[in-house]
Amino acid sequence: GRYQSFQEACIDLHNADRLDAIVGVGDIAENGLAEEYQLAFDELKGIAPRYIMASGNHDIRLRAYSQSYSRFSTFTNALNGNDSMTKNAYADGKFAYSEVVNGYKFIVMGSDKTEFEEAYISSEQLAWIDAEIASVKNGEPVFVVLHQPLKLTHNLPTTWGNGTNKEAGSVGDQNDEIKAVLAKYAADKTVILITGHLHAGFSKYSYEQIEGFHSINVPALSIENKDGEEGGNGSGLTYIVEVYDDEVLFRARNCRTGEWLTKWDTSIPLK
């Protein structure tokens, strides 16, 4: 089942040479239960020294925002052994925060109120994201982590099983504002948006360029990926990301079978 897939993937990651950080692109829990976070914590602990966890709609959809935040931040801070998610949040009690790993900035977005499928990104969060990206030196990569992708990207709405609703599967109402902030800095910095949500395996739609910035959609790790050419039966699919002087390399891997899926590797050149 799903938990076994997750366990097997985590064993593979535990055996990796050296990971500087784990980035989780949301939906850590199915129903936002404390027990679910505990299961995830037990398997993830000790894989890497740093954990950059983004909230997804399943983490927040079923309960009061404050309770969702409390459970998610407690989980993330426990993995890191500090209160960095809370301390680096753009406002008290909010899911959006930033981290720096090996000198590279990660900006984690998150819904500012309880939503079922999409995310609500306030004007305050958008202004904070703008300032965070602006603070990155020209020429350097900056990673933005958001559970839901932008609309009509990564084969949406088809990947959401909905060919008619142009919003389907996307981040929602603030889509255009988010896109504008990322595009604003794309000429000077390598802006990389990392999303999930679609349960789509690797395919030609996993990576695309949007108005000068880069967008990567990550498959589900422990649940079946229904779309894409490389689904991973029971999943185990993820990217191992390597940053070099001249490129950011997203290496496709099946963590259940221990295989590198080089056909789906993506190299993003650095400015």
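Student: What makes the pairing of the His 154 and Ser 215 side chains a polar contact?

Tutor: The two side chains come to 2.8 Å. The cut-off for N or O atoms is 3.5 Å, so the pair of His 154 and Ser 215 qualifies as a polar contact. Keep in mind that this is a predicted model.

Student: Where is His 154, and is it buried or exposed?

Tutor: His 154 sits in the loop between strand E5 (141-145) and helix H7 (175-184). Its relative accessible area is 2%. Buried means under 20%, so His 154 is buried.

Student: Which residues does His 154 touch beyond four places in sequence?

Tutor: Among them are Pro 149, Thr 159, Thr 195, Leu 198, Tyr 205 and Tyr 207. Ser 215, the polar partner, is also on the contact list.

Student: Which peptide bond is called cis, and what is its omega?

Tutor: The bond joining Leu 156 and Pro 157 is cis, with omega about 0°. Pro 157 is in the loop between E5 and H7, and His 154 is in that loop too.

Student: Why is Glu 132 called buried?

Tutor: Its relative accessibility is 14%. The limit is 20%, so Glu 132 counts as buried. Glu 132 lies in helix H6 (residues 123-134).

Student: What does the side chain of Glu 132 make a polar contact with?

Tutor: The partner is the side chain of Ser 98, at 3.0 Å. That is within the 3.5 Å limit, so the term polar contact applies. Beyond its neighbours within four places, Glu 132 is in contact with Ser 98, Lys 105 and Ile 107.

Student: How far apart are Glu 132 and Ile 107 in sequence and in space?

Tutor: They are 25 residues apart in sequence. From C-alpha to C-alpha they are 7.4 Å apart in space.

Student: Which residues of H4 are buried, and what do they pack against?

Tutor: The buried residues include Tyr 65, Tyr 69, Phe 72, Phe 75 and Leu 79. Gly 81 follows H4 with a positive phi, near 70°.

Student: What does the largest nonpolar core contain?

Tutor: It has 48 residues. Leu 44, Ile 47, Met 53 and Phe 250 have the most contacts inside it. Helix H4 (residues 65-80) gives the most to this core, with five residues. Apart from it lies another core of 26 residues, among them Tyr 90, Ile 133, Val 144 and Val 191.

Student: Which residues does Phe 250 touch beyond four places in sequence?

Tutor: Its contacts include Ile 192, Ile 194, Ile 216, Tyr 239, Trp 264 and Ile 268. Asp 265 and Thr 266 are on the list too.

Student: Which way do the residues of strand E2 point?

Tutor: Tyr 51 and Met 53 point one way, and Ile 52 and Ala 54 the other. All are buried. In a regular strand the side chains alternate between the two faces of the sheet.

Student: How do you know that E1 and E2 pair?

Tutor: Pairing needs at least two bridges. E1 and E2 have four, so they pair, and the sense is parallel. In E2, Ile 52 is the bridge partner of Val 23.

Student: What makes the buried residues of H1 lie on the same side?

Tutor: Those residues are Ser 5, Phe 6, Ala 9, Cys 10, Asp 12 and Leu 13. They cover an arc of only 155° around the axis, which puts them on the same side of H1. Their cover includes strand E1 (22-25), helix H2 (34-44), strand E9 (237-243) and strand E10 (247-254).

Student: Why is Asn 102 called exposed, but His 199 partly exposed?

Tutor: Asn 102 has a relative accessible area of 55%. Exposed means over 50%, so Asn 102 is exposed. His 199 is at 23%, between the limits of 20% and 50%, so it counts as partly exposed. Phi is positive in Asn 102, near 50°, and in His 199, about 55°.

Technical notes. Residues numbered from 1 in each chain as written. Predicted model: local features only at pLDDT ≥ 70, side-chain atom pairs only at ≥ 80, totals over all residues. Heavy atoms only, no water. Buried < 20%, exposed > 50% of the residue type's maximum accessible area, 1.4 Å probe, protein only. Helix = DSSP H or I, 4+ residues; strand = E, 2+ residues; numbered from the N terminus. Arc of directions from axis to C-beta. Contact = heavy atoms within 4.5 Å. Polar contact = N/O pair within 3.5 Å; in protein donor to acceptor, adjacent residues only side chain to side chain. Core = buried A, V, L, I, M, F, W, Y, C linked by side-chain atoms within 4.5 Å.
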